[in-house]
Amino acid sequence: MAANFWASTQFLNWQFSRTELQEIRDELENGDPALIQQYTLPDRRLLSIFFSQQLVKLGKRMSVRQQALATAQVYVRRFYIKVDLRSTNPYLILATALYLACKMEESPQHIRAVVEQARNMWPDFIPSDIARLGELEFYLISEMNSQLIIHHPYRTLQDLQSRISLGQDDVSLAWSIINDHYLTDLPLLVAPHVVAVAAILLALTLKPTHTGNVLTSLGSGPQVSHDSSQTGSAPANAQQRRVEDFVKWLAEGEVDVEAVADTSQEIISLYDIWDQYSEKTCKEQISRFVKARGLDK
């Protein structure tokens, strides 16, 4: 997996430094500053929460697998560093990205089914003509330079499960945290194995409160606690041993510890901003420019 990733177009063409990514976005916004000023948008992370929740809802209607949903989210993020959000119909982009991702993940959905379910979810924004989705599919492929294979952190998590003696609760929580990293820029910044290691670190050290857990991509928002009394089914001393074993493995391994720390902090910052999320606000601001610019036609 690692060797494939280092030789992949994902690593060679779609991994950026934070500075490079910001410069790309600045250049995109400078292309039409009047448009940017006219239609203000929420924080990018809040929009990502909204897009993710919409994709998950659409995916559930068609029983789409998690990996295809993850691939769709990466496609959306890649697309929107090449094309300004305000010049598109995001709902149509989401449906198209999911349609394309299902193809690439070998679980194809019929185009009519995708359009039908998307129209059921967003009747005011999805045209009935399936040709529109077909046209946008080629648009997405073109903007991503036909580089569509995505490497995900899930396999690394599964590989490490037995090597560092993770409990099933830890694996489930880490899997959910990996789901959440797609709501950030991390897929464009770090290698998948770094995300997997950071997710394990957070799963071992951050515990869900009694009111919820970190299954955020499928729910409303995380309730993360540093309370060591919330240890799930494992006794506190066993959990502590897992943490110590993991830290030892991390120190002795070849994983970039600084990158793991930065990745962990990025995910935590997503959870910190989640309280500001308002689905209603995101819907209103997207609807405003889509309707005003006739992008729903």
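## A quick tour, starting at a loop

Start by selecting serine 165, which sits in the loop between helix 10 (154–163) and helix 11 (168–181). Helices here are DSSP runs of H or I with at least four residues, numbered from the N terminus. You're looking at a predicted model: local features need pLDDT of at least 70, side-chain atom pairs count only at pLDDT 80 or more, and totals for chains, interfaces and linings use all residues. Residues are numbered from 1 along each chain as its sequence is written, and side-chain values use heavy atoms, with hydrogens and water left out.

Stay on serine 165 and check its backbone: phi is near 55 degrees, a positive value in a residue other than glycine. Most residues other than glycine have a negative phi.

Next, jump to glutamate 106, in the loop between helix 7 (90–104) and helix 8 (111–121). Glutamate 106 isn't a glycine either, yet has a positive phi of about 60 degrees. Is glutamate 106 buried or exposed? With 73% relative accessibility, glutamate 106 counts as exposed. The cut-offs: buried is under 20% relative accessible area, exposed is over 50%, and partly exposed is in between (1.4 Å probe, protein chains only).

Now pick tryptophan 6, in helix 1 (residues 2–6). Tryptophan 6 is partly exposed, at a relative accessible area of 39%.

Last stop: select helix 12 (residues 192–205). How many of its 14 residues are buried? The count is 11, so helix 12 is largely enclosed by the rest of the structure. Color a few of the buried ones, including Pro192, Val197, Ile200 and Leu204.

How values were computed:
Helices (H or I, at least four residues) and strands (E, at least two) are DSSP runs, numbered from the N terminus. The expected span of a helix is 1.5 Å times one less than its number of residues.
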